[in-house]
Amino acid sequence: MAQTKRDYYEVLGVARTATADEVKKSFRAKARELHPDVNKAADAEVRFKEVTEAYEVLIDTDKRSAYDRFGHAAVSGAGGMGGDPFGGFTNFSDIFETFFTSAGMGGMGGTGTAARRRPQRGSHLAFRLTIEFEEAVFGAEKEIEIPRLTMCTNCGGSGAEPGTQPQTCPNCQGKGEVRRSQQSIFGQFVSVVPCERCDGEGRIVATPCTECKGDGRVKETRKLAVKIPAGIDDGSQIRLAGEGEWGPRGAPPGDLYIEVNVKSHKLFKRDGDDILLSLDLNIAQASLGADVNVPTVDGTETLLKIPAGTQNDKVFRVKSMGVPHLRGSGRGDMMVMVQVQIPTSLNEEQKRLLKELARTLGDATPHPQDKGLFGKIKDALNG
């Protein structure tokens with residue numbers, strides 16, 4: 001059963017009428033309190049991500065408006081691709097003002113709505129993790145070290161020295177943008193561009209933090225325990241939300257994407273959720289039949305009964321000894337491919353016996369070419 005999400009205002013501890021500055025201030029305080037490097041409580045990381053998610057919605061004017069009207073359903077897909085490209089606008093004039101005023105395309109002499117540049121989320125990070133074949137089959141927990149920029153705990157990500165506060169930018173009066181007028185033969189054009197003084201934030205740091213030099217971030221090497229799910233395949237990707245780099249001056253972090261590379265195995269190969277194993281038999285075993293113990297990926301052995309007259313490239317299926325299904329229960333199968341080995345050196349007694357066998361078998365007759373090893377494997381898998 002899905003867990004009910006808490007109200008975002010409750011998560012941040014702010015009123016529904018809270019300003020953007022109040023939302024940001026509360027987020028910084030809670031993020032500093034719940035940061036995994038500071039808070040060692042068992043639920044700190046979960047609460048930290050909950051606070052970050054709430055902040056990303058309430059600091060964004062459009063998302064917050066949609067959330068206030070429709071609740072969590074309106075922002076459940078926030079950040080993803082697809083959906084209504086104009087879903088955050090209430091009418092056509094909003095769209096016009098956003099693209100032709102706030103985007104700096106020119107107000108055409110109009111009065112557009114000034115707005116601060118929204119906090120820029122931190123960068124996503126990528127990490128390549130190599131694991132053993134058995135770890136991919138049965139799952140594992142690996143510890144990795146990620147160098148990244150993280151929130152400065154000295155200033156709480158604000159960039160300002162503790163005891164001081166960022167000030168309203170005197171160049172744009174806190175709007176984050178400035179208007180520029182230009183006369184042309186068509187009349188006066190007005191363009192709106194981000195303020196160069198505050199980089200569109202509407203505020204400047206007069207007394208930078210001594211630890212982060214006003215950026216709100218510091219470098220760290222973070223250790224993370226990564227859970228590798230049983231059945232993961234080579235080239236798969238694991239996403240860890242909020243484990244990327246923090247954005248400047250308290251903006252939320254990006255995500256960490258882990259690409260999994262699986263080492264090859266000396267005995268086993270993988271085909272989807274099936275394990276492939278090549279089994280060598282001598283001509284006597286193949287001709288007369290035999291009971292053979294074959295290894296499994298579990299580290300044990302299973303008894304395989306080889307019937308008399310087994311041909312080269314014959315494939316035997318051992319049920320439920322393959323790879324666990326990544327999504328769902330159960331396992332794939334193990335496919336054992338017989339390779340009949342022809343001896344390259346014989347003693348005199350063996351030669352005599354084979355000659356006698358050859359005399360009783362008669363001359364060989366040609367047969368149509370078969371499908372080969374891989375064709376037989378595919379037939380067995382599909383059958």
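Glu50 counts as partly exposed, since its relative accessibility is 23%; on this scale buried means under 20% relative accessible area, exposed means over 50%, and partly exposed is in between, with a 1.4 Å probe and protein chains only. Everything here comes from a predicted model, in which local features need pLDDT of at least 70 and side-chain atom pairs count only at pLDDT 80 or more, while totals for chains, interfaces and linings use all residues. Residues are numbered from 1 along each chain as its sequence is written, and side-chain values use heavy atoms, with hydrogens and water left out.

Glu50 has a salt-bridge partner in Arg6, with the closest N and O atoms 3.0 Å apart. A salt bridge here is a side-chain nitrogen of Lys or Arg within 4 Å of a carboxyl oxygen of Asp or Glu. Since Glu50 sits in helix α3 and Arg6 in the segment before α1 (8–12), the pair ties together parts that are 44 residues apart in sequence. Helices (H or I, at least four residues) and strands (E, at least two) are DSSP runs, numbered from the N terminus. Arg6, at 37% relative accessibility, is partly exposed too.

By that salt-bridge rule, the count comes to 26. Another of these pairs is Glu132 with Lys263, whose closest N and O atoms are 3.0 Å apart. This one links distant parts of the chain: Glu132 is in the loop between β1 (125–131) and α6 (133–138), and Lys263 is in the loop between β9 (256–262) and β10 (268–271), 131 residues apart. Glu132 is partly exposed, at a relative accessible area of 34%, and Lys263 is partly exposed at 40%. Glu135 pairs up with Lys142, the closest N and O atoms being 3.2 Å apart; Lys142 counts as partly exposed at 23% relative accessibility. There is also a network: salt bridges with shared partners join Glu56, Arg121, Arg239 and Asp255.

Back to helix packing. The axes of helix α3 (residues 44–58) and helix α4 (residues 61–70) come within 6 Å and cross at roughly 100°. The axes are lines fitted to C-alpha atoms, for helices over the stretch in contact, and angles run from 0 to 180 degrees between N-to-C directions. On the α3 side, the contact (heavy atoms within 4.5 Å) is made by Glu56, Val57 and Leu58, and on the α4 side by Lys63, Arg64 and Tyr67. Sorted by class, the contact of α3 with α4 has 3 nonpolar, no polar and 3 charged residues. Ala, Val, Leu, Ile, Met, Phe, Trp, Tyr, Cys and Pro count as nonpolar, Asp, Glu, Lys and Arg as charged, and the others, Gly among them, as polar.

Then there is the backbone. Most residues other than glycine have a negative phi. Lys213, not a glycine, has a positive phi of about 60°; this residue is found in the loop between β6 (203–204) and β7 (217–228) and is exposed, at a relative accessible area of 67%. Ser320 has a positive phi as well, near 60°. Ser320 lies in the loop between β14 (315–318) and β15 (334–341) and is partly exposed at 43% relative accessible area.
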